[in-house]
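Please prepare a briefing on the structure shown below, grouped by topic and with the criteria for each term stated.

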Amino acid sequence: MKVFKKYFTTIGLLIFSAQLIAGPGLAVTTINTKDAVTYTKWLTESTPKFMEVYGETVASTGICSPISGAEQEGDHYAWAISPSMSALLQSEVRFWNDKSIAKTINKISSKRNIVRKDIYEIIKPAKRAYKVGETTAQYNLLSRPNNVAEYVKTIEAMEAAAAENGFEDIQMVVFEGFGAGDWARMVMASIQAPNVERLGAFFDQNRSDWMAESMNAFPSMRTPVRDWYLLCTTLSAVN
């Protein structure tokens, strides 16, 4: 547990640091189901077992469900965050090859299909930790930036402008695909709010002077690929 305590103390991250040589990693398993209630119940109840197998390779896990933008109706995203890419790759191999996990997964196999498995590096972490059971509203945009470093700086500036204009509860997180198949080296920017009302209020500012100024540089910096509105719940977290 010492690894995680140092990790969270240093960067204040739960989901999704420049102070660390190795950046944290995110694994996302996209599943499709016609019975989201049953799948979520199974995932929630199975999480303690999953964390036991993960050990210190995973810091937190959860699930995101689209409000809009899913590639297919019934898509959901089970995620796990690790303190480094090394830990993330170890966690994936450990998880998918564990016999006890295989038995647990077998219980839900008839209720869902795995669509894809993707890995990202978290290149701009969140500023505060999410608690177990906490649900956030998010807008995620996948794009091809011309310059990733400049793109992240512009997102950081936008986050600061939001805080100065009454949206200090809005967090912005950035991920880069490293093992994301046809999304390789694409960048996902995530705007995260405590609820849908606050996320909607943030986007209601689209035509405000401060938002227009913050958004001005983006069209020439990136090529959008896909976007989503989501509800995301944290199911486990290492204290």
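**A buried strand and its neighbours**

In this predicted model, G25, A27, T29, I31 and T33 point one way from β1, while L26, V28, T30 and N32 point the other way, and all are buried, where buried means under 20% relative accessible area, exposed over 50% and partly exposed in between, with a 1.4 Å probe and protein chains only. Local features need pLDDT of at least 70 and side-chain atom pairs count only at pLDDT 80 or more, whereas totals for chains, interfaces and linings use all residues. Residues are numbered from 1 along each chain as its sequence is written, and side-chain values use heavy atoms, with hydrogens and water left out.

**Strand β1**

- Nine of the nine residues of strand β1 (residues 25-33) are buried, so the strand is largely enclosed by the rest of the structure; helices (H or I, at least four residues) and strands (E, at least two) are DSSP runs, numbered from the N terminus.
- β1 pairs with strand β3 (residues 75-82) in the antiparallel sense over eight bridges, two strands being paired if DSSP finds at least two bridges between them, and A78 in β3 is the bridge partner of T29.
- β1 also pairs with strand β4 (residues 112-124), in the antiparallel sense and over nine bridges, with D118 in β4 standing opposite V28.

**Disulfide**

- One disulfide is counted, on the criterion of a pair of cysteine sulfur atoms within 2.5 Å, and it is formed by C64 and C232, whose sulfur atoms are 2.0 Å apart.
- C64 lies in strand β2 (residues 60-68) and C232 in strand β8 (residues 222-237), so the pair ties together parts that are 168 residues apart in sequence.
- The torsion about the S-S bond of C64 and C232 is about 115°, and the disulfide is therefore right-handed.
- C64 counts as buried at 6% relative accessibility, and C232 likewise counts as buried, at 3%.

**Overall architecture**

- The protein contains eight helices and eight strands, and its radius of gyration of 17 Å is close to the 18 Å that the globule rule gives for 239 residues, so it is as compact as a globular protein of that length; the radius is taken over C-alpha atoms, and the rule is 2.2 Å times the number of residues to the power 0.38.
- The C-alpha trace spans about 55 × 40 × 30 Å along its principal axes, and buried residues make up 51% of the 239 residues.
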